Every structure is written in structure tokens, then in C-alpha cells.
Amino acid sequence: PDYIRLQYGGTIITLEQVALGDDGPNTTNVLGIVSFLVPQGTTAATFILLPGHTPNTTSQATIPFQIP
């Protein structure tokens with residue numbers, strides 16, 4: 001499913017691998033693991049959460065983070 005992307009620098013990439021629990025219709029708080037491949041040395045990135053897979057969402061959300 002295309003619901004999350006990762007941005008680092010000027011590059012946006014899609015999921016490399018995903019493992020989710022029961023993510024059926026009308027479920028919330030589902031735990032899972034997503035993985036992205038980024039170049040070695042990447043220290044800052046942003047998760048981009050796409051609309052459409054969460055009820056009543058119409059815009060994307062972003063979560064910036066640092067890798068020590």
C-alpha cells in the first residue's frame with residue numbers, strides 16, 4: 001500500500017518493505033514496521049504520511065527526524 005514515503009534532501013522514496021498487523025477497514029492503532037533504503041551518511045529525513053488511508057483525511061502530514 002502506498003501510504004507513507006520518506007524524503008531526504010531533495011529525494012522522495014517509497015517503501016522498500018512493510019509488515020503490518022490487521023490493517024483492515026476501520027481499524028486504528030495498528031502496529032507495524034516499514035523500511036526504506038537510504039544512502040549511507042543520511043542524517044536527516046522526513047516521513048510523509050499520505051491521505052486516503054486514514055478516514056476523513058484530505059492532506060498529507062509530515063514527521064521530520066534526525067539519525068544520530
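**Aromatic rings**

Tutor: Start with Phe65: its relative accessible area is 26%, so Phe65 is partly exposed. Buried means under 20%, exposed over 50% and partly exposed in between, with a 1.4 Å probe and protein chains only. This is a predicted model, where local features need pLDDT of at least 70, side-chain atom pairs count only at pLDDT 80 or more, and totals for chains, interfaces and linings use all residues. Residues are numbered from 1 along each chain as its sequence is written, and side-chain values use heavy atoms, leaving out hydrogens and water.

Student: How many aromatic pairs does a search of the whole structure find?
Tutor: Rings of Phe, Tyr and Trp (its six-membered ring) pair if their centres lie within 6.5 Å; planes under 30 degrees apart are stacked, over 60 edge-to-face, and the rest tilted. Here the search finds two pairs. Phe36 and Phe47 make a tilted one, at 6.2 Å centre to centre with 50° between the planes.

Student: Is Phe36 buried or exposed?
Tutor: Phe36 is buried, at 16% relative accessibility, while Phe47 is partly exposed at 23%.

Student: What about the rings of Phe47 and Phe65?
Tutor: Their centres are 4.8 Å apart and their planes at 25°, so that pair is stacked. Phe47 sits in strand β5 and Phe65 in strand β6 (residues 61-66), so the pair ties together parts 18 residues apart in sequence. Strands are DSSP runs (E, at least two residues), numbered from the N terminus.

Student: And the overall picture?
Tutor: Ring pairs link Phe36, Phe47 and Phe65 into a cluster.

Technical notes:
Helix = DSSP H or I, 4+ residues; strand = E, 2+ residues; numbered from the N terminus.
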